[in-house]
Amino acid sequence: MSHERLKPEYLFDEAKIHQLRQLAPECFEDGKINFETLKQNLGAWAQDEEEEGLEHFGLSWPGKKEARRMAAIPPEGTLVPVYGEGLKADGTPDEDGENDSKSIFIEGENLEVLKLLQKSYAGKVKMIYIDPPYNTGNDFIYDDDFTEPLQAYLRRTGQVDEEGKALTTNKRSDGRFHSKWLSMMYPRLKLARNLLREDGVIFISIDENEVQNLRAIMHEIFGEENFISSMVWQSKKGGGNDSNTLVIDHEYVLVYVKDYSQDSFSNILLEAVPLDQKDEKGPYRVGRELNKWGSNSRRIDRPTMWFPIPGPNGEDVYPIRNDGAEGCWRFGKKAMLNIVENNNIKFVKRDDGNFTAYEKIRISKPRPKPYRTWIKEMETTADGSKVVKSLFDEKKVFDFAKPLALLKHLITIGTTKEDDIILDFFSGSASTAHATYEINEAEKKNLTSISVQLQEIVEKDTEAYEEGFRNIAEISKERVRRSLKNSKNLNDKGFHSLSLVSSNYKKWSNYSGASVSELEESLNLFNQEPLRDGWTKEGLLSEIILMEGFVLSSTIEKQARYTANEVKKVSDEYCEHSLLVCLDKDIDPATIKSLDLSDDDVFICLDSAISNVDKLRLSDKGLIKTI
């Protein structure tokens, strides 16, 4: 087989580059794209030089070019398991790292996390829901600056200690009120699109401040043809003292699909209306009134539509409007008499003695009914906050939580299979995860929830701080734990808890000296010892799983047959092959001799742990990769 050196490389658009290479191989020279050759191949589709200075329709803002670049900067971090936080079904902590659940909670900055998920989850997520900061002028937005080292960034954003704020205020007075928010959202949405399945859907909650700008950048990233609708959600009721003009009691949920040609919603856009009535012909439901409604519904307007039909006791029934005036039937005499003859009519006697006639709808199964874009009577923000408060012993630990009814409504629309993956990378109070668990329990499903939350600092003058919470991620995880304790669904046995930290690999520092020998020595040391000091087996294994494209909930099994070394097998349902990983500093010859690799397996170990002779022996058994 072969031997490779394993390095943390993240090519976010690798699939697109592969497709381009298949279509136009002549445009690649030494592994790089020759854009001049590509431009010639595109012919009429390419932009002429005279057109390059022309203005085009679209949204532009100061910092847009940098926002695009941010999405392509490779990550400097990795995700490590945090044992003891993923609750098992029996209530015991997950101290050994074993967990049957596929649900995941990640503490960390979501742009970096989305980059780390690209290889493992590209094309696997069915639904994304996010509730990003609304940019009201008092809200905070993520302050992205990856020109500094990750550790400095983590310290500054409050992810390492409490020296710095995690977010920066976006004031109207800074002159570019919308620009920072757009620059924050753009790279995250671009990376999020890569994670969606071809039939994937994304829902984004937003208010009046940025809805028009969000639609503009979503049109650009997802394509205008993949815009489904703006749903309007009644987010509050009553009150009105917060405004002396118009009371804003709604928010929006923007709905986009990855590919409009796919059946992204399938039957989920339809809800069943039960056939709840019965007669001698079988079940039916009551349909519309057979009296004509609206304009031209009076007898004087349409005299030919005023005629009697036989009532329930053979009496004449005329189309009398609800206001008592003489009206019109919806259909002509022949059609109306046919409806009566086939007993597809239901008469309801009114207080005035007249009958209202309704059509009986007879079909073999419940009639589908489209969901509406106007979401009303489905709980409000106040209801969402009450749920959180009740979970936390009536302590107000989180404001403005989205209600479970809204989230469950969207999940019902956005998922099609029993085991779909749902991602929320602005997790907040973890309403999406909570709603997913409740749907799993009620409908016996096995939906997977992935939540990402920044370790945003909790202010000292809050009930959350008094209860011992120091950042929002702690509140989110605790809500997940408490909601799982209430769940009886065996599919939800806990969750995998992970945290964003610096990579186990050393970061190369550019050499600025003039000595060739010093540069060579630095390169040799870097290649011989690629891992930073203090690396752990658990952390490195987690990074290897991401680098090799395995999901974070992969099954990890210690192989008892190898007694001289610790060998673990990594497998998941999305990958045909498995990983056999040994991170011991020395690998015993007995392990090498007994190692059993199939054609689909990959063995990974430290490069320094085996000799060159053993590398050759192992490469004869299958594919090996060394660190």
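Predicted model: local features only at pLDDT ≥ 70, side-chain atom pairs only at ≥ 80, totals over all residues.

Q: What makes helix α15 mostly covered?
A: Nine of its 11 residues, in the stretch 537–547, are buried. Buried means under 20% relative accessible area, exposed means over 50%, and partly exposed lies in between (1.4 Å probe, protein chains only). Among the buried residues of α15 are Leu540, Glu543 and Met547.

Q: How much of the protein counts as buried?
A: Of its 627 residues, 47% do.

Q: Why is the pair of Phe227 and Tyr256 called tilted?
A: Rings of Phe, Tyr and Trp (its six-membered ring) pair if their centres lie within 6.5 Å; planes under 30 degrees apart are stacked, over 60 edge-to-face, and the rest tilted. By this rule there are eight aromatic pairs. The centres of Phe227 and Tyr256 are 4.9 Å apart and the planes stand at 50°, so this pair is tilted.

Q: What does this pair tie together?
A: Phe227 lies in strand β10 (residues 227–234) and Tyr256 in strand β11 (residues 250–257), so the pair ties together parts 29 residues apart in sequence. Both Phe227 and Tyr256 are buried. With Phe222 they form one aromatic cluster.

Q: Why are Phe425 and Phe426 a tilted pair?
A: Their ring centres are 5.4 Å apart and their planes meet at 45°, so the pair is tilted. Phe425 and Phe426 are both buried.

Q: How do you know that a charge sits over the ring of Tyr574?
A: The rule asks for NZ of Lys or CZ of Arg within 6 Å of the ring centre and within 35 degrees of the ring normal. The charged end of Lys124 sits over Tyr574, 5.2 Å from the ring centre. Arg330 lies over the face of Trp293, at 4.6 Å from the ring centre.

Q: What makes β4 and β20 edge strands?
A: Two strands pair if DSSP finds at least two bridges between them. Strands β4 (77–81) and β20 (374–375) each pair on one side only. They end an open sheet of 10 strands with mixed pairing, in the order β4-β23-β5-β22-β21-β6-β9-β11-β10-β20.

Q: How do you know that β9 pairs with β11?
A: Six bridges join strand β9 (residues 196–206) to β11, and the two run antiparallel. Ile202 stands opposite Tyr256 in β11.

Q: What makes β1 and β28 a pair, and in which sense do they run?
A: Three bridges join β1 (residues 3–5) to β28 (residues 623–626), and the two run parallel. Arg5 stands opposite Thr626. Strand β27 (residues 602–605) also pairs with β28 in the parallel sense, over four bridges. There, Val602 has Leu623 as its bridge partner.

Conventions
Residues numbered from 1 in each chain as written. Heavy atoms only, no water.
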